Amino acid sequence: MAIVSGSQPNTGSQTCRGWIFLKDLPEKAKNKVVDVAGKANKLGRDEPRRIIHCLKVGLAITLVSLLYYVQPLYKIFYKSGVWAVLTVILVSEFTVGGTLGRGLNRTFATLLGGAVGVAVEHLAAIFGDIGQPIVLGLFVMIINAVVTFVRFFPEMKARYDYGLIILMLTFSMVSVSGYRDEEALTIAYKRVLTIIFGCVIAVLVCMFICPVWVGEDLQRLIAANLEKLGCFLEAFSSAYCREAGDEQIKIDESFLQGYKSVLTSKNSEETMANLARWEPGHGRFLFRHPWKQYLKVGTLAREFSYKIEILSKHLNSDIQAPQEIWGEIQESCREMTRESGKALKKLAEVIRTMTQPTVIDFHIENSKAAAKNLVALWEDITTTLDDTTVFEIIPVAVVASTVMDIVICSERISEAVKELASLAHFKSIDPILTQEEP
């Protein structure tokens, strides 16, 4: 009786919790639906091209489904038509470069894998019923092992990894299934045709209906990164004004944090550059556009951002040097960072508009002149220091050295952008229209 009476409260509490759960279930489901709808709305508003891409994929799948829906086509390809649908699903990417790259990889890998499989099948047949499976097994092992090893090469991994996988898959299917099934080669032939048809449809839909060119995205990313670095330097220069006692200057903290996205942009840039190489010439992006040069500019921008990280930490540091020392070098540092920032923002505009640089050298020379002045001032400061004040100027020395490196790095970025402008044949503009007042 004690056991029964002890279990009654437990049973009642479980029933109560179950009733509360069922009562709250509609409200929780409603909130979940609203939350998912809000996220979907934000996703579409942030990048409307995603919605268009979804519609394009649906259209491409519908078009290749005609191999099933249209009776004459179904009689020709029969069940092999499903491979066209699978191909569209597998090769359809957000960008033209991504779709074209996967489409060409799949097409040529399927053709090559099928051809090698047929050749191996005929070669193995020479050895008779006993030797044929042995020869087939050896070729399957050797060819798949070699292709797998090739996938470890970074260059092949970056551009042809998908094609190598399809090559192994197609070769293995043709060579293995062909041993038992006499109609395997005929079926493989039809599948190859449907795969090529699916690739063509996917590429055409992606390229001619609201195309998304990944090369243009890479260009905008590099330009945006340079502009973020330039904004930081200008904000840093203004921060020096504030430290000097100017209370009226407002600093936008977002500028001081914007450079951090540059530090993590390497993977995105390399992925975009690899995909952009697959894209055909379009607009001002001609065939064999120098995409590697964009990566060079991006690498220099990241090196620049690491130096900026040091300046950012200085702004947030509680360690301060004597004000009289700051006062002597402050103007030179401010001039260097301001002019370097203007140069970077101009370089960003050069990349964004694809025009030849015209007034960049003016800002670079101004920053270099300020750097020479800083060197002279620093020599005067160090000659008057005693042993007790050496450690007090370490923060000043770090900032001064970093700003000097920034000037050098700005010049290197300028040279890289000039090389890009030359290789990509950026259009020339009248320098009189872009000349700035000193």
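**Chatting through the model**

Q: Before anything else, what kind of model is this?
A: This is a predicted model, where local features need pLDDT of at least 70 and side-chain atom pairs count only at pLDDT 80 or more, while totals for chains, interfaces and linings use all residues. Residues are numbered from 1 along each chain as its sequence is written, and side-chain values use heavy atoms, with hydrogens and water left out.

Q: What about Leu111, where does it sit?
A: Leu111 is in helix H6, which covers residues 96-125. Its relative accessibility is 39%, so Leu111 counts as partly exposed.

Q: Which residues does Leu111 touch?
A: Leaving out residues up to four places away in sequence, Leu111 touches Val192 and Ile196. A contact here means heavy atoms within 4.5 Å. Leu111 and Ile196 are 85 residues apart along the chain, and their C-alpha atoms are separated by 9.1 Å.

Q: Staying with H6, which residues meet between H6 and H7?
A: From H6 there are Val116, Val120, Glu121, Leu123, Ala124 and Ala125, and they meet Gly128, Gln132, Val135, Leu136, Phe139 and Ile143 in H7. That contact divides into nine nonpolar, two polar and one charged. Nonpolar covers Ala, Val, Leu, Ile, Met, Phe, Trp, Tyr, Cys and Pro; charged covers Asp, Glu, Lys and Arg; the others, Gly among them, are polar.

Q: New topic: how many disulfides are there?
A: Zero disulfides in this structure. To count, a pair of cysteine sulfur atoms has to be within 2.5 Å.

Q: Are Cys54 and Cys210 exposed or partly exposed?
A: Cys54 is exposed, with a relative accessible area of 52%, and Cys210 is partly exposed, at 46%.

Q: Last one: how many residues does H17 have, and what follows it?
A: Helix H17 (residues 394-423) has 30 residues and reaches 43 Å from its first C-alpha to its last, close to the 44 Å expected at 1.5 Å a residue. That expected span is 1.5 Å times one less than the number of residues. H17 is followed by His425, whose phi is positive, near 55°.

Notes
Buried means under 20% relative accessible area, exposed over 50%, partly exposed in between (1.4 Å probe, protein chains only). Helices (H or I, at least four residues) and strands (E, at least two) are DSSP runs, numbered from the N terminus.
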